[in-house]
Amino acid sequence: MKYGCQSMVGKLESVLIKHPKNAFINQDHLRKHWEEYRYVSCPDYDKALEEYEKFERLLKEHVPNVHYLPRSDEAGLDSIYAHDSVKLTKQGAILLKPGKWLRQGEPGATEAYFSKIGIPILGAITGEGRVEGGDVVWLDERTLAVGRGYRTNDEGIRQLREITKELVDEFIVVQLPHGNGPDECLHLMSIISLVDRDLAVVYSELMPVSFRELLMERGIKLIEVPKNEYDTLGSNVLALAPRKCLMLTGNRETKSMLEAEGAEVFEYEGEEISLKGTGGPTCLTSPLYRL
């Protein structure tokens with residue numbers, strides 16, 4: 001099968017997702033585990049299925065090939081956020097190693113699935129290294145930005161730099177802020193979502209000055225998400241194609257600014273599948289192939 005995704009904005013042709021039936025399992029499972037996973041509150045399983053059905057339908061309207069991670073004893077609630085365990089390159093997949101210890105079985109489950117569908121493994125983060133997919137952002141095909149925070153450490157970044165050395169001309173390390181502390185899910189992709197090669201949704205309040213200036217120097221126009229919409233994942237926007245994107249409903253100001261820049265915006269309800277686990281549409285999807 002075709003694979004390779006050294007872009008955040010190219011037309012999405014193939015994507016990997018995980019259904020809540022295989023991550024949340026059932027309501028009893030959610031009640032037992034939501035607190036240890038530090039969800040905002042316990043998701044309602046039946047409502048989560050309803051939300052996901054609509055999210056899935058939207059995705060399939062725009063993405064020709066949708067692949068599903070199966071249930072695995074090695075992966076828990078957070079595996080619904082398929083983005084964090086792996087990154088695809090033109091030479092194969094890089095298996096990551098989440099900083100959140102409850103998630104460290106997810107890359108192995110992803111590797112097992114890839115062996116069935118024919119995606120080769122280019123490399124893996126091992127040992128003391130930690131990298132989560134939400135911290136890894138392609139600014140273009142040969143430029144990789146990686147957030148250094150509580151979920152991605154220096155050793156993980158060193159290994160990722162080595163694995164990608166033949167694929168990347170510029171490797172940028174972005175120092176992330178403390179935010180609300182180590183238990184918060186604060187990724188680089190929490191504060192930036194590219195929606196075209198020259199357009200990004202950002203939350204500048206948490207963005208290092210040097211990185212913000214670099215984006216503008218590269219000719220990327222920044223859409224500034226307001227504080228109240230950052231709290232509802234307004235800065236988490238999935239590009240389905242250049243200036244065609246998917247976001248959580250309710251972020252009206254951000255949506256309006258995107259549309260003013262010529263973007264076509266699709267929305268989904270995500271109280272149970274996104275807000276309670278703080279994972280938006282980019283988190284719910286792991287792109288396998290973009291044009």
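This is a predicted model: local features need pLDDT of at least 70, side-chain atom pairs count only at pLDDT 80 or more; totals for chains, interfaces and linings use all residues.
Local features need pLDDT of at least 70, side-chain atom pairs count only at pLDDT 80 or more, and totals for chains, interfaces and linings use all residues. Residues are numbered from 1 along each chain as its sequence is written, and side-chain values use heavy atoms, without hydrogens and water.

The structure holds four aromatic pairs (rings of Phe, Tyr and Trp, the last by its six-membered ring, with centres within 6.5 Å; planes under 30 degrees apart are stacked, over 60 edge-to-face, the rest tilted). The Phe24 and Tyr39 rings have centres 6.4 Å apart and planes at 70°, so this pair is edge-to-face. Phe24 is buried, as is Tyr39 (under 20% relative accessible area, 1.4 Å probe, protein chains only). In Tyr52 and Phe55, the ring centres lie 5.6 Å apart with planes at 45°, so the pair is tilted. Both Tyr52 and Phe55 are buried. Together with Tyr268, they form one aromatic cluster.

Four cavities of 30 Å³ or more are present. A cavity is a set of points, on a 1 Å grid over the protein atoms alone, where a 1.4 Å probe fits but cannot get out; lining residues have an atom within 4 Å of a point. Points are joined across faces, edges and corners, and volume is the space filled by probe spheres set on them. The largest cavity has a volume of about 110 Å³. Its lining comprises 14 residues, with Met8, Met189, Leu194, Val237 and Thr282 nearest the centre. The second largest cavity has a volume of about 80 Å³. Residues lining it include Met8, His83, Trp138 and Arg290.

Conventions. Buried means under 20% relative accessible area, exposed over 50%, partly exposed in between (1.4 Å probe, protein chains only). On a 1 Å grid over the protein atoms alone, a cavity is a set of points where a 1.4 Å probe fits but cannot get out, and a pocket is an open set with protein on both sides within 12 Å along at least five of seven lines; lining residues have an atom within 4 Å of a point.
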